[in-house]
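Thanks for coming, everyone. Let me put the model up, and then we'll go through its packing.

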Amino acid sequence: MTGDVTALVRGAGEAGGGCHIFSGCGFPAPGLQDFEWKPFFTIGSWGFTKPILLAIVAALVVIVFFWVAFRSPKLVPRGMQNLGEIAILGVRDQILRPSLGRKGDSYLPLLVSLFFFIYIMNVMELIPIFQFPVTSRIGFVWPLVFIVYFLYLYLGVKNQGAWGYLKNMIPPGVPAPIYVILVPVELLRFFVFQPFTLGVRLFGNMFAGHLLLTIFTIATWYLLSASVGLLYAAGSFALAIFVFVLETLVTLLQAFIFTTLTATYIASSLEASH
Amino acid sequence: MTEKGNRPVTKREAAAENRAKGLDIGWMVSGYLISGMLAYGLIGWLIGRAVHVSLLLPVGMLVGLAISIGYIIYRFGVQEAKKEMTGDR
């Protein structure tokens, strides 16, 4: 079945059609097909799918939230402005300041936008109707990585010069022969490993989380029957709840890690860390 | 509380700083381990292809791993200890 309905509805629908344990039909295991979506409409070869819609909704949520919170700011904050200030100060004190200090405050808009955009895209996984983390499609993660990496390189070259930036990758005081030995390691880490893991970490966590949640939700319905299956279903349901709670933390943690690493990258570009 | 600039650093700020630093160092260390193996594995494979010795790929990977471990000990052990002693952090 294609992805025009959510995995949960798909599982429930199939199992609801008599596909339960001991009824002779196999478990409708979720898989990659649950991450593929039938386009709502197409323009040429380009299809407008559910993840695209959710990414736009996530962007709108962030824009509207901060616009409403700060459209007429008061000295003594009330209502939405309070929430907005808590959100901004949270990112400033927990992500920006620890890496960049006060001199990095000019990067606050970037980090706040990045954090909340990623967080809302992640948390779509847990919201009924949406029920899909946009970041579990890696195509939505790479542009964010490119933006961060482009900025990282640009600031590094701007502040330290192209040669100085490359030279500062290896700490001073290393003997020349060792320096030569370390160059391939540093280049590969900097240009391949670091951007690759920045993207894959976010994608992998959200992909695996969504798959786990789908498996246990579908399994609960599949195992439900007037037999010992009821006991299995209860176990699966408990695990689904456990994964759900775990995912509420993972969605936040992954947004936090991505933004914290962005802040440390910017910090290392602004000045040599050694 | 310790001093930072003109103002004292709270425990909460120090914890946040340590968390950011720990996250950065953690990923840097794993980055060095994998990049070392890949970089020297690739070099070993290229040389091995030229001289028809397939054993140079695993040898290169082990050499890369050894270089990475040595570098990690130097950068995050020896150098950090020096910085702590001189107070240059």
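**The core of the model**

In the largest nonpolar core, with 40 residues, the members that touch the most others are A58(A), L111(A), F115(A) and M121(A). By nonpolar core I mean a set of buried Ala, Val, Leu, Ile, Met, Phe, Trp, Tyr and Cys residues joined through C-beta atoms within 7 Å. Buried means 20 or more other C-beta atoms within 10 Å of a residue's own, with C-beta atoms placed from the backbone; exposed is 12 or fewer, and partly exposed is in between.

Which elements of chain A give two or more residues to this core? Helix 2 (50–70), helix 3 (80–100), helix 4 (108–123), helix 5 (142–160), helix 7 (176–223) and helix 8 (229–270). Helix 4 of chain A supplies the largest share, ten residues. Helices here are DSSP runs of H or I, at least four residues; strands are runs of E, at least two; both are numbered from the N terminus.

A word on provenance. This is a predicted model: local features need pLDDT of at least 70, side-chain atom pairs count only at pLDDT 80 or more, and totals for chains, interfaces and linings use all residues. Residues are numbered from 1 along each chain as its sequence is written, while chains are lettered from A and ligands numbered from 1 in the order in which they are written.

Now chain A as a whole. Eight helices, two strands. The order from the N terminus is α-β-β-α-α-α-α-α-α-α. Its C-alpha trace spans about 70 × 55 × 45 Å along the principal axes. Of its 274 residues, 34% count as buried.
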